[in-house]
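Take a walk through this chain, from its overall build to a handful of single residues. Keep the 3D view open as you read.

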Amino acid sequence: MARTQPVIVWFRDDLRLSDHPALHEAASRGAPVICLYVRDEESRALKPPAARPLGGAARWWLAQSLRALGESVTAIGGRLVLRKGPAAAVIATLARETDARAVFWNDIAQPPHQAVARDLEAALANDGIASQIFPGDLLVEPKAIRNKENRGLRVFTPFWRRVRGLGDPPKPLPAPKKLTTVSGIASETVDDWALEPTRPDWAGGLRETWTPGEAAARSRLKVFLDDIKGYADDRDRPDREGTSRLSPHLRFGEISPRQVWHAAHFAAAELPRLGGDIDKFLSELGWREFCRHLLFDVPDLAEQNLQAHFDAFPWRRDAKALKAWQRGLTGYPIVDAGMRELWHTGVMHNRVRMVVASFLVKHLLIDWRAGEQWFWDTLVDADAGSNPANWQWVAGSGADAAPYFRVFNPILQGEKFDPDGGYVRRWVPELAQLPDKLIYQPWTATPIELASAGVELGKSYPEPIVDHKQGRERALAAYGKIRGKN
């Protein structure tokens, strides 16, 4: 009796079993399923536009997520095959090796990923092998939200109104209960890929903070929705556990936006009084969607100003100031707390992200791309759409951008959103003994106050690297130079 031809499922940024349309369809065919992940570092060099290589923190997350996915696949009778190389060539070769009848995968609506997918489709067709692509990364495909000129929307509110006007996305698909697979297929291992740091091993804080994988993602969503009351206000408080902390799980597709959407709507139906908090949470999911749609239209979002007049902006080159910012040694406690949280945990509270970004591009006049690149390397949730879109939003050069003349005051931001100083005391412990009224501006303390708190400015904690007022005035003057070039 002839062996049934298998179907290959190509996993990418969708490292889950539930609500995985390609896997669901393959499992429903009754044929053996080969689950495959390709570590593709070569297609970028073959054809523009190029996908960005992962930063260090994201590589660490990928390693853990692949291990978790491999265990989940094994638990239902399958096996996760790992291979490295140009995805189109690797997958076509595996299809020939295994006499596969088809290859399925979920779309990533980003031009670099779609270019690789087109190459794969062509290679498979040349061998007489079927292929099928499924939606799985977004709530709505970019082609469904266009203006009269057939371009994506550049302002969030009308964009989100259009998305919500389309109604609920399809309900999430269940995970397969059982797979059969093909034995004897050669596979590399996660350890072979050296995704995790060793010398030095800087990932200790990441391991303390996170549990990557689909099970952890679903658990995190449930815990968050069970305790979402007050989210609309608490999300701005870095001293509280008020955010969902789902962003890295979404980034690697351990949970889908459709799962989040439907779980949130179910919670709202169960407890209508939480509707305001849930709407605010869903709008954050909408912002991720907005950034992904923006990236679809602007593949070089991390490199080019969306507003061309910013090409003339007089950025400063200041390696010393950039290094102080990266290390959390600017002399502004809220900024330094955020940068240290980022280095230790691979994330930073969203409110603080805006403050530290504003400080870099406005107080220091350092190009937003330098900050975006640092975040790309240090964030576990570094997303090709959200990261550059958010940096351009703060800089004033992007879509739906904050006005450039809005310069966050790092003192007032700290006092407003961390009024008791708990966030700063956690991440800048050398200031822990200062009273609340001084913790955001220690340079105003008297010598006796500093001594009693064990603080020696310029030694145990730095003096501010720029005066707030002077930095703001310099930023506004720089903006004035390009304002007439709109």
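The model is predicted. The chain holds 21 helices and five strands. Its radius of gyration is 24 Å, close to the 23 Å that the globule rule gives for 486 residues, so the chain is as compact as a globular protein of that length. The C-alpha trace spans about 90 × 50 × 50 Å along its principal axes.

How much of the chain is buried? Of the 486 residues, 55% count as buried. Contacts between residues 24 or more positions apart make up 79% of those with a separation of 6 or more. The exposed surface comes to about 21400 Å². Carbon and sulfur atoms supply 51% of that area. As for charge, there are 65 positive and 61 negative side chains. The centres of the two sets lie 3 Å apart.

Now turn to the loop between β1 (7-11) and α1 (21-28), where His20 sits. His20 has a relative accessible area of 0%, so it counts as buried, the cut-off being under 20%. A polar atom of the His20 side chain lies 3.0 Å from the backbone nitrogen of Leu23. Beyond residues up to four places away in sequence, His20 touches Val9, Phe11, Asp14 and Asn106.

Asp19 belongs to the loop between β1 and α1 as well. Asp19 is buried, with a relative accessible area of 0%. Its backbone deserves a look. Most residues other than glycine have a negative phi. Phi of Asp19 is near 45 degrees, a positive value.

Another positive phi is found at Ala194, near 50 degrees. Ala194 lies in the loop between α6 and α7. Is Ala194 buried or exposed? Ala194 is exposed, with a relative accessible area of 59%. The loop between α6 (156-165) and α7 (204-209) is also the place of Pro200. Most peptide bonds are trans. The bond from Arg199 to Pro200 is cis, with omega near 0 degrees.

Next comes strand β3 (residues 80-84), which contains Arg83. Arg83 has a relative accessible area of 13%; this is under 20%, so Arg83 counts as buried. What does its side chain reach? A polar atom of the Arg83 side chain lies 3.1 Å from the backbone oxygen of Ala186. Leaving aside neighbours within four places in sequence, the contacts of Arg83 include Leu36, Tyr37, Val38 and Arg39. Val90, Leu94 and Glu97 are also among them.

Move on to Leu246, in the loop between α9 (231-234) and α10 (247-251). Leu246 counts as buried at 2% relative accessibility. Setting aside residues up to four places away in sequence, Leu246 touches Ala217, Arg220, Leu221 and Phe281. Pro135 is 111 residues from Leu246 along the chain. The C-alpha atoms of Leu246 and Pro135 are separated by 21 Å.

Gln304 is found in the loop between α12 (275-297) and α13 (319-327). Its relative accessible area is 39%, so Gln304 is partly exposed, between the 20% and 50% cut-offs. Which residues is Gln304 in contact with, leaving aside its neighbours within four places in sequence? They are Trp368, Arg369 and Gln392. Gln304 and Ser397 are 93 residues apart along the chain. Their C-alpha atoms are separated by 9.2 Å.

The last stop is Asn409, in the loop between α17 (386-395) and α18 (410-417). Asn409 has 17% relative accessibility, which is under 20%, so Asn409 counts as buried. A polar contact of 3.2 Å joins its side chain to that of His468. Glu214 lies 195 residues from Asn409 in sequence. In space, the two are 39 Å apart, C-alpha to C-alpha.

How values were computed
Residues numbered from 1 in each chain as written. Predicted model: local features only at pLDDT ≥ 70, side-chain atom pairs only at ≥ 80, totals over all residues. Heavy atoms only, no water. Helix = DSSP H or I, 4+ residues; strand = E, 2+ residues; numbered from the N terminus. Rg over C-alpha atoms; globule rule 2.2 N^0.38 Å. Buried < 20%, exposed > 50% of the residue type's maximum accessible area, 1.4 Å probe, protein only. Contact = heavy atoms within 4.5 Å. Areas by Shrake-Rupley, 256 points an atom, 1.4 Å probe, with all protein chains shown as cover. Lys, Arg positive; Asp, Glu negative; His and termini not counted. Charge placed at Lys NZ, Arg CZ, Asp CG, Glu CD. Polar contact = N/O pair within 3.5 Å; in protein donor to acceptor, adjacent residues only side chain to side chain.
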